[in-house]
Protein chains: 2
Amino acid sequence: MVTIKDVAALSGLSTGTVSRVINGNGYVSAESRKKIEHAMAELNYHPNAMARALNHKQSKIIGLVIPDITNPFFPMLTRGVEDTASKYGYTVMLCNIDENSEAEKRYIDMFKRYYVEGIISAALPTVAEWDSIEVPIVMTDRSADLNYPTVAVDNVTAAKEMTEFLISKGATQIVHIAGSAGVNTALDRREGYKQAMEEAGLSFNIFESDFNSNEIKDKAGHFFDTHECPDALFCANDLIAAIFMKEALKRNIKIPEEMQIVGFDGILMSEMLSPPLTTMRQPIYEMGQIACETLIKKVESNIEVGDTILKATLQMGGTTL
Amino acid sequence: MVTIKDVAALSGLSTGTVSRVINGNGYVSAESRKKIEHAMAELNYHPNAMARALNHKQSKIIGLVIPDITNPFFPMLTRGVEDTASKYGYTVMLCNIDENSEAEKRYIDMFKRYYVEGIISAALPTVAEWDSIEVPIVMTDRSADLNYPTVAVDNVTAAKEMTEFLISKGATQIVHIAGSAGVNTALDRREGYKQAMEEAGLSFNIFESDFNSNEIKDKAGHFFDTHECPDALFCANDLIAAIFMKEALKRNIKIPEEMQIVGFDGILMSEMLSPPLTTMRQPIYEMGQIACETLIKKVESNIEVGDTILKATLQMGGTTL
DNA sequence: GGCTAGTGTGTAACCGGTAACACATTACAT
DNA sequence: ATGTAATGTGTTACCGGTTACACACTAGCC
């Protein structure tokens, strides 16, 4: 392992001067700088991030907490975070914590051990240990009722628009297939749906589902077994929509003629379905990007940043008239 | 920040003894141990991973290099790696490097700075800097021709089986829609297809596509514009299959009656399509898991491990007869 | 009783850097 | 010529741990 001492020795200067060259601060003569740069190149020297972190109490690591990377919403979010982190010289520690408070605690522990500088979370805190975290936290997509800055779309408004769109297409018995009850995005979408239905003078009808794909499969079968086929489904996300649509097609329900169906999110899969799904596209990559920038801003300058509300846009597919 | 000194002070013992308790080595009396554990709990002490890494030259971090997490194959792989790493007390540094040798170099640099203990890569090395990495590397899915241990399915055999399956279903003009030419998994699948066709006395026909979703879209349109519709397509992966199927359906080609279509991978999306895609399911999660275990074994015991060849299994969908 | 082995604990050097400080040299203004 | 500021470099304490070593104490044995 090549250390700063080796560089100092080879260049005939002290470690202090080498350190100044590395960090570009303090006074260093052009000649010394050249010698040192030469020595660094020759030895293929890379400053040890751990030693640096120990001094600065800064690790240049940020934690990204998500429920589950295999949920198709999160890869794009992760990518947005990672690209941005990387751009600013930070490294991302990926943490999947779905429904596992043990994992959650283990990661909180890791955050502390590694001097993680900030955390982006798209999962709701379920354990009290979160309170003991002293570094900045930014929420994205999902938000806790805590006072962490949040980057998300206005789910209520977007869901309302989506519902109004269905109404404009002539649907009257729109059923909302709701997401996990504990998740605020699910609640907001439910709320938007309700508002639109009430304003249109239609009676609303909510069927409880989940954001977990295994759960959804069970629910979907059960739904069609126990319900008359409505003229439209507004599903709380694309995954739910995909699975309900699959079930509907299996029962020879014509989409969109007999039943229209819409989702929410705009994940890659939604375009691949046939017919392609009409959905509310969230700017997922941008959410990750902005969440990461927000976090870094707070970490580096301690600037208190507010929430960022992004706009979801209706993406027409073939599942609506 | 609570340090070992605070714990030592509160417990009335020295930092050396505290360290012994933390690491469970050396002699510590039961009484002292109890005092120290008490103090650690009271102060909510977490040993600093950086300081430790500096001593041991071990960071407990592994790097995971993938082309692109938004490619639906990789989330499940990532999950397998991460769960396993976490189980063994390691942390995962996620690196998306698609087609960007700058990113690749930047990450190699990070690996060195962070004393990363080992690397799992599902992307082909494109820059020479890889040679300068001194820690163990395990390849998964894709493999370089280098002598890194690899965890993957036997793509040649699996592709051959898939092709034979299509032949058994009466297809004779099977076209292989090939993946990115530079990627060995793509080449292996192509090879398996050729073998099966030759053995059956059928002439093979390969259409060059790509593993990148934007590329595929262009190719798919072009394919149907310039080709007579064959009786079957064997696509190099599910994403290609999904996009070609979408294009075929748009042109009112009946699947599977007029044209059968199969994919490869077994990603979540494949089941959601209608009809659901017949595909070769790879044990993706297990690949990640095994790759991670292989790596950790090598890191911790320096045991030289060989390649692991897993089996892909045919998953019947509705796109074949 | 004196010797050895086993136990228990503190001290200090060290891991690889950083940065405050000291000191030397030079440049510039008066 | 001289005081002051700017520039350049080395030394050293320190970041938060680990661990080799020194030392003290106890127990067991001839």
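Into which domains is chain A divided? In this predicted model, chain A has domain 1 (4-47), domain 2 (56-152 + 285-310) and domain 3 (155-282). Notice that domain 2 is written as two stretches, 56-152 and 285-310. Taken over C-alpha atoms, the centres of domain 1 of chain A and domain 2 of chain A are separated by 36 Å.

Now let us turn to the DNA, starting with strand D. Around DNA strand D there are 28 residues, and A:Ser14, A:Gly16, B:Ile4, B:Ser19 and B:Ala51 come nearest. H2(B) gives the most, with six residues. By class, the surface near DNA strand D holds ten nonpolar, 16 polar and two charged residues.

What about the other strand? DNA strand C is surrounded by 27 residues, the closest being A:Ile4, A:Ser19, A:Ala51, B:Ser14 and B:Gly16. Two or more residues of the surface near DNA strand C come from each of H2 and H4 of chain A and H2 and H4 of chain B. Here the residues divide into ten nonpolar, 16 polar and one charged.

Finally, look at where the two protein chains meet. The contact takes 43 residues from chain A and 43 residues from chain B. On the side of chain B that touches chain A, H4, helix H5 (74-87), strand S2 (91-96), helix H6 (101-113), helix H10 (238-250) and helix H11 (268-272) each supply at least two residues. That side of chain B comprises 24 nonpolar, eleven polar and eight charged residues.

Technical notes: Residues are numbered from 1 along each chain as its sequence is written. Chains are lettered from A and ligands numbered from 1 in the order in which they are written. This is a predicted model: local features need pLDDT of at least 70, side-chain atom pairs count only at pLDDT 80 or more; totals for chains, interfaces and linings use all residues. A residue is near a molecule or strand if its C-beta atom, placed from the backbone, lies within 6 Å of it. Helices (H or I, at least four residues) and strands (E, at least two) are DSSP runs, numbered from the N terminus. Ala, Val, Leu, Ile, Met, Phe, Trp, Tyr, Cys and Pro count as nonpolar, Asp, Glu, Lys and Arg as charged, and the others, Gly among them, as polar. Domain bounds come from an automatic or database domain assignment. Two residues are in contact if their C-beta atoms, placed from the backbone, lie within 7 Å.
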